[in-house]
Each structure stands twice: as C-alpha cells, then as structure tokens.
Amino acid sequence: MFTFLFDFEHKIVLQFVHIPPFLIQPYVENAIWHGIMQKEDCKGHLNILITQPDENSLQIVVRDNGIGRKKAMELKTKSATKHKSYGMQITSDR
C-alpha cells in the first residue's frame, strides 16, 4: 500500500495540457515495482510533479521513497528470474 500525489505548477493551464498515458506510465510503474513495493515498512509514497520551465515544454518528475536504486539492483542480481523489461527504453526512444 502506498500514497500518491499529483502536483502541478500553478501557472500551468490544465485544460490545455494533454499527456499521452503511456508516456509517464513506465516510469511510475518502475517506481512502484522496484522502489515502493520492496519497502519492508509498507509506507510508500509516490509524487508526480509537473512543471512548465518555458512556454513550449513540460517537465515531469516521478519521485518515490522506495528502497533506492542501489538496493534495488542488489535485489535484482539475487533474483532467479531474468526478465528484461523494455517499457522505459521504448518510452525513452520515443
């Protein structure tokens, strides 16, 4: 179980913002599966911050209070499964 927060910069006019759903999804899913779900205390939190640095761009930051990349990599190397996920790479390539 975890909590989440979508946080938008106040100057963003939401009625004009259209973000394809699968653009953010791989990053959020990765934060949940590899960060938050591995926490032993089950008090995870996910924050998605959307800002507009200039008129023609958005910045989207996905933060979690999970176990961290180093610990996640340690757990991954001990795992018996060798599944390779391509979601984040595909999104990055887009």
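Glutamine 52 sits in strand β2, which covers residues 44-54; strands here are DSSP runs of E with at least two residues, helices are runs of H or I with at least four, and both are numbered from the N terminus. Residues are numbered from 1 along each chain as its sequence is written, and side-chain values use heavy atoms, with hydrogens and water left out. The model is predicted, so local features need pLDDT of at least 70 and side-chain atom pairs count only at pLDDT 80 or more, while totals for chains, interfaces and linings use all residues.

Let's stay with glutamine 52 for a moment. Its side chain reaches the backbone oxygen of glutamate 55 at 3.3 Å. Leaving aside residues up to four places away in sequence, glutamine 52 touches Glu9, Lys11, Ile12, Ser57 and Leu58, where a contact means heavy atoms within 4.5 Å.

Now step back to the whole chain. The protein chain has 3 helices and 3 strands, and from the N terminus on they run β-α-β-β-α-α. Of the contacts with a separation of 6 or more, 64% join residues 24 or more positions apart. Buried residues (under 20% relative accessible area, 1.4 Å probe, protein chains only) make up 19% of the 94 residues.

Finally, have a look at leucine 14, in the loop between β1 (2-8) and α1 (21-36). Leucine 14 counts as partly exposed because its relative accessible area is 46%, between the 20% limit for buried and the 50% above which a residue is exposed. Together with Phe4, Phe6 and Phe8, Leu14 forms a nonpolar patch on the surface, with about 410 Å² of accessible area together. Accessible areas come from the Shrake-Rupley method with a 1.4 Å probe, and for residues only the protein chains shown count as cover. Patch members have over 30% relative accessible area and no salt bridge, with nonpolar side chains (Val, Leu, Ile, Met, Phe, Trp, Tyr) joined within 5 Å and like charges within 9 Å; a salt bridge is a side-chain nitrogen of Lys or Arg within 4 Å of a carboxyl oxygen of Asp or Glu.

Definitions and conventions. Polar contact = N/O pair within 3.5 Å; in protein donor to acceptor, adjacent residues only side chain to side chain.
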